[in-house]
Amino acid sequence: MSKIFLCDGHNLAFRAFYGIRELNRSDGFPTNMIHGWLRSFWRLEDDFKPDDIWVFFDLGGCPQREKILPEYKANRGSPPEGFVEQLEWVKKLSLALGYGTGEAEGREADDLIAAKVEELKGSHELVIVSADKDLAQLIEPGVSQLLPPPTANPRLGWRMLDDQGVTEKFGVKPNQILDYLSIIGDQ
């Protein structure tokens, strides 16, 4: 059974952007995110040896959610300076590395990941790569989540969550994650 990594592109891009600061080309173009992204994906390939990698990106807002709740993600400001410019290069780099990519107007990366899990589960070993707690609800036999090293303690390294790991980390089963996040008031 092949092992497919389903990566949350925006989540990993922000982590790479903030993981390394003040890295620029000689002409001043920022390269910190591009550098961090490439190093992270090389590490994933070397350490975990996936058969295939898919990277999903957010594209615009989510009108359905914003219609239901106008304050949806209202606390999020504009991306930091240098982020958008580098994100375009990260997308090009993902294609150049032979990764599958996905983005759709009105859909967030985690929506696309969930759809891909539904499409592929049972026929492949799936690993969701993201620090997004919402994605833990997708974990079941054959589907796990690989958490990037925490920014506060990168020495912990990449950590794999399975059913038992979700219960140990959150105190609930994967199918209870949404209720858990609602109760604790996760934004």
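Predicted model: local features only at pLDDT ≥ 70, side-chain atom pairs only at ≥ 80, totals over all residues.

Trainee: Is Lys-49 buried or exposed?
Mentor: Lys-49 counts as exposed, because its relative accessibility is 58%. Buried means under 20% relative accessible area, exposed over 50%, and partly exposed in between, with a 1.4 Å probe and protein chains only.

Trainee: Where does Lys-49 lie?
Mentor: In the loop between H2 and E2. Helices (H or I, at least four residues) and strands (E, at least two) are DSSP runs, numbered from the N terminus. Phi of Lys-49 is positive, near 50°, and Lys-49 is a residue other than glycine.

Trainee: OK, the whole fold. How many helices and strands does the protein have?
Mentor: The protein has 7 helices and 6 strands. Read from the N terminus, the order is β-α-α-β-α-α-β-α-β-β-β-α-α.

Trainee: And what is the radius of gyration?
Mentor: The radius of gyration is 17 Å, close to the 16 Å that the globule rule gives for 187 residues, so the protein is as compact as a globular protein of that length. The radius is taken over C-alpha atoms, and the rule is 2.2 Å times the number of residues to the power 0.38. Along the principal axes, the C-alpha atoms fill a box of roughly 50 × 40 × 30 Å.

Trainee: What share of the residues is buried?
Mentor: 41% of the 187 residues count as buried. As for contacts (heavy atoms within 4.5 Å), 64% of those with a separation of 6 or more are between residues 24 or more positions apart.

Trainee: Which residues have the most contacts inside the largest nonpolar core?
Mentor: Phe-5, Trp-37, Phe-41 and Val-129, in a core of 24 residues. A nonpolar core is a set of buried Ala, Val, Leu, Ile, Met, Phe, Trp, Tyr and Cys residues joined through side-chain atoms within 4.5 Å. Two or more residues each come from strand E1 (3–8), helix H1 (9–19), helix H2 (32–48), strand E2 (52–56), helix H4 (83–96) and strand E4 (125–129). H2 gives the largest share, 6 residues.

Trainee: What is Phe-5 in contact with, leaving aside neighbours within four places in sequence?
Mentor: The list includes Leu-44, Phe-48, Ile-53, Trp-54, Val-127 and Val-129. Apart from that core lies another, of 13 residues, among them Ala-109, Leu-112, Val-117 and Ile-128.

Trainee: Back to H1. Which of its residues are buried?
Mentor: Gly-9, His-10, Asn-11, Leu-12, Ala-13, Ala-16 and Phe-17. Their cover includes E1, H2, E2, H4 and E4.

Trainee: Why does His-10 count as buried?
Mentor: Because its relative accessibility is 13%. Beyond four places in sequence, His-10 is in contact with Phe-56, Phe-57, Asp-58, Phe-83 and Leu-87.

Trainee: And where is Ser-94?
Mentor: In helix H4. Ser-94 counts as buried, at 0% relative accessibility. Not counting residues up to four places away in sequence, Ser-94 touches Trp-37, Val-55, Phe-57, Tyr-99 and Thr-101.

Trainee: Last one, Glu-140. Where is it found?
Mentor: Glu-140 is in the loop between E4 and strand E5 (143–147). At 29% relative accessibility, Glu-140 counts as partly exposed. Glu-140 touches Lys-121 and Asp-163, setting aside residues up to four places away in sequence. Its C-alpha atom is separated by 9.7 Å from that of Lys-173, 33 residues apart along the chain.

Key. Residues numbered from 1 in each chain as written. Heavy atoms only, no water.
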